[in-house]
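Here is a friendly briefing on side-chain contacts, covering charged pairs and aromatic rings. Have a look at the model first, and then read on.

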Amino acid sequence: MNSSPLVSIIIPCYNQAKFLQETLQSVNHQTYSNWECIIINDGSPDNTEEIALEWCYKDVRFKYFKKENGGLSSARNFGILHARGDLILPLDADDKISKNYLSISHRLQSLQYSFLSRSAL
């Protein structure tokens with residue numbers, strides 16, 4: 001694994017648009033910059049798509065996918081399939097992470113406590 005591995009942050013979203021803006025903002029404010037954020041709209045009828053696309057236009061590290069509703073696990077697995085990162089961070093659409101979350105996790109001797117390694121999948 002290289003010294004700054006790409007982290008794929010996977011965010012499935014179904015009827016969580018009211019929280020999504022803050023969640024994506026917390027990702028965008030990371031001090032660790034080698035990440036991609038994959039937002040999966042799991043057939044949500046709210047304005048998830050509008051919010052996600054707004055972030056995609058702001059920063060190319062945000063990626064947006066829309067799929068038919070299949071549930072949380074299905075959406076998360078869909079995101080993992082499209083991830084390019086060496087490490088995977090599952091994040092719910094109503095969660096926020098501190099700006100140093102990825103940096104601190106990266107500095108840990110064993111990253112497996114915070115991330116799932118793609119080699120383990």
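Arginine 84 is exposed, because its relative accessible area is 57%; exposed means over 50% relative accessible area, buried under 20% and partly exposed in between, with a 1.4 Å probe and protein chains only. This is a predicted model, in which local features need pLDDT of at least 70, side-chain atom pairs count only at pLDDT 80 or more, and totals for chains, interfaces and linings use all residues. Residues are numbered from 1 along each chain as its sequence is written, and side-chain values use heavy atoms, with hydrogens and water left out.

**Salt bridges**

- Searching the whole structure gives seven salt bridges, each a side-chain nitrogen of Lys or Arg within 4 Å of a carboxyl oxygen of Asp or Glu.
- One of them joins arginine 84 to glutamate 36, with the closest N and O atoms 3.3 Å apart.
- This pair links distant parts of the chain, 48 residues apart: glutamate 36 is in strand 2, and arginine 84 is in the loop between helix 3 (72-82) and strand 4. Helices (H or I, at least four residues) and strands (E, at least two) are DSSP runs, numbered from the N terminus.
- Glutamate 36 is buried, as its relative accessible area is 2%.
- Lysine 96 and glutamate 22 form another salt bridge, their closest N and O atoms being 3.1 Å apart.
- Here too distant parts of the chain are linked, 74 residues apart: lysine 96 sits in the loop between strand 4 (87-90) and helix 4 (101-107), and glutamate 22 in helix 1 (residues 17-28).
- Lysine 96 counts as exposed at 55% relative accessibility, while glutamate 22 is partly exposed at 44%.

**Aromatic rings**

- There are three aromatic pairs: rings of Phe, Tyr and Trp (its six-membered ring) pair if their centres lie within 6.5 Å, and planes under 30 degrees apart count as stacked, over 60 as edge-to-face and the rest as tilted.
- Tryptophan 35 and phenylalanine 62 pair edge-to-face, 5.2 Å centre to centre and with 70° between the planes.
- Tryptophan 35 belongs to strand 2 (residues 35-41) and phenylalanine 62 to strand 3 (residues 62-66), so their pair ties together parts 27 residues apart in sequence.
- Both tryptophan 35 and phenylalanine 62 are buried.
- Tryptophan 55 and phenylalanine 62 form a tilted pair, at 5.4 Å centre to centre and 50° between the planes.
- Trp35, Trp55 and Phe62 make up one aromatic cluster.
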